Amino acid sequence: MKRDFVSLKDLSPIQVERLFEEADRLKKSRGTPLKGKTLALVFQKPSMRTRVSFEVGMLQLGGAAIYLGPEGIQLGIRETVPDIAQGLSRYVDGIVARTFSHEDIETLGRYASIPVINGLSDREHPCQALADLYTIRQIFGRLKKVKIAYVGDGNNVLHSLLHGVALVGADLSAATPKRYAPNGEVVKETNRMRRKTGARISLGHDPKQAVRGADIVYTDVWTSMGQEGEKNARRKAFRGYQVNEALMKQAKSSAFFMHCLPAHRGEEVTEGVLEGRQSAIWDQAENRLHVQKAILATLLSSRA
């Protein structure tokens, strides 16, 4: 039966735990459950981590990946999204889409007869958030009641972290400028989800308050791809939202720092924090590979 991974809100807590267990297993195993399988990477936006981790993941699982970049496939320009979904379904075994519009990924999932994985959209970044939660579980041995503090833009990364935290019963406190708060519909979805797990969510605008007593301090760039024209306005709005050594002192002394990368050193985070003893960014980046291998093996293998 066809299954997609478009949003973390579509998973159950049990499914998340099974993916983490599969990631644990695949870190130790060199099996090839996807031998003979092919994955299409449909990218409207360039990427290093997402592209390399999916390509290497498919290779290690015994399969192959085909990269279809912005100039090659021209999603919705040369062909409609439904036509691309149906055409690729006749050639490959799965699609990873990295798009501007979240609706494009949903449309791909609706029309494709093969699994579709959200590699990033303007609304959500579920593969990133799942790898983040896996990293936190790796650090603390648990997710329940771990406090994550997010400082910065209420963007796709925060949206998926909200969904993920609500799923696993962790706590999240976010501080964003008022004009850059997370999407209201995502917040509503999160509040519905968290009632089942006891997750605590706090949204505000004060970085110090958000970070106080945190186990994890997380940030992302202030200006994402496609927002370059807003760069000056965003720099002004986010003044005071930098994660620096002083802000990290508001968290627990045992706290770790996380960033989904790429980072703008000296802007949303200082060099000292990014490369300091509390930084978990490279384990976090590596875990994209392990978690995405678990997603691929679950969705594309003959056992799925």
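How far apart should the ends of helix α6 (residues 126-140) be at 1.5 Å a residue, and how far apart are its end C-alpha atoms? The 15 residues should span 21 Å, and the end C-alpha atoms are 21 Å apart, which agrees. The model is predicted, and every value here is computed from it.

**Helix α6 and its cysteine**

Helix α6 is mostly covered. Twelve of its 15 residues are buried. Among them are Pro-126, Cys-127, Gln-128, Ala-129 and Leu-130. Tyr-134, Ile-136 and Arg-137 are buried too. After the helix comes Gly-141, with a positive phi near 75°.

Cys-127 has a relative accessible area of 0%. Does that residue have a sulfur partner, or none? The disulfide count is zero. Cys-127 is in no disulfide, and the nearest cysteine sulfur, that of Cys-260, is 13 Å away. A disulfide needs the two sulfur atoms within 2.5 Å, so the 13 Å between Cys-127 and Cys-260 rules this pair out. Cys-260 is likewise in no disulfide, with the sulfur of Cys-127 as its nearest. Cys-260 counts as buried, at 7% relative accessibility.

**Salt bridges**

Side chains of opposite charge can pair when their charged atoms come close. The structure holds 14 salt bridges. Three of them are listed here.

| Pair | Closest N to O | Separation in sequence |
|---|---|---|
| Arg-200 and Asp-171 | 3.0 Å | 29 residues |

The bridge between Arg-200 and Asp-171 joins two strands. Arg-200 lies in β7 (residues 200-204) and Asp-171 in β6 (residues 171-175), so this pair also ties together separate parts of the sequence. Asp-171 is buried, at 5%.

Arg-235 is partly exposed, at 39% relative accessibility. Glu-267 is buried, at 11%. Elsewhere, salt bridges that share partners join Glu-17, Asp-24 and Arg-137 into one network. Arg-137 belongs to α6, where it is among the buried residues.

**The cavity**

Rolling a probe the size of a water molecule over the atoms shows where empty space is left. How many cavities of 30 Å³ or more are there? The count comes to one. About 30 Å³ of space lies in the largest cavity.

Which residues line the largest cavity? They are Arg-49, Gln-128, His-259, Cys-260, Leu-261, Ile-281, Gln-284, Ala-285 and Arg-288. By class, the lining has four nonpolar, three polar and two charged residues. Helix α13 (residues 281-300) gives the most, with four residues.

Gln-128 is one of the lining residues, and Gln-128 is buried in α6. Cys-260 is another, and Cys-260 is buried at 7%.

Methods: Residues are numbered from 1 along each chain as its sequence is written. This is a predicted model: local features need pLDDT of at least 70, side-chain atom pairs count only at pLDDT 80 or more; totals for chains, interfaces and linings use all residues. Side-chain values use heavy atoms; hydrogens and water are left out. Buried means under 20% relative accessible area, exposed over 50%, partly exposed in between (1.4 Å probe, protein chains only). A salt bridge is a side-chain nitrogen of Lys or Arg within 4 Å of a carboxyl oxygen of Asp or Glu. On a 1 Å grid over the protein atoms alone, a cavity is a set of points where a 1.4 Å probe fits but cannot get out, and a pocket is an open set with protein on both sides within 12 Å along at least five of seven lines; lining residues have an atom within 4 Å of a point. Grid points are joined across faces, edges and corners, and a volume is the space filled by probe spheres set on the points. Ala, Val, Leu, Ile, Met, Phe, Trp, Tyr, Cys and Pro count as nonpolar, Asp, Glu, Lys and Arg as charged, and the others, Gly among them, as polar. The expected span of a helix is 1.5 Å times one less than its number of residues.
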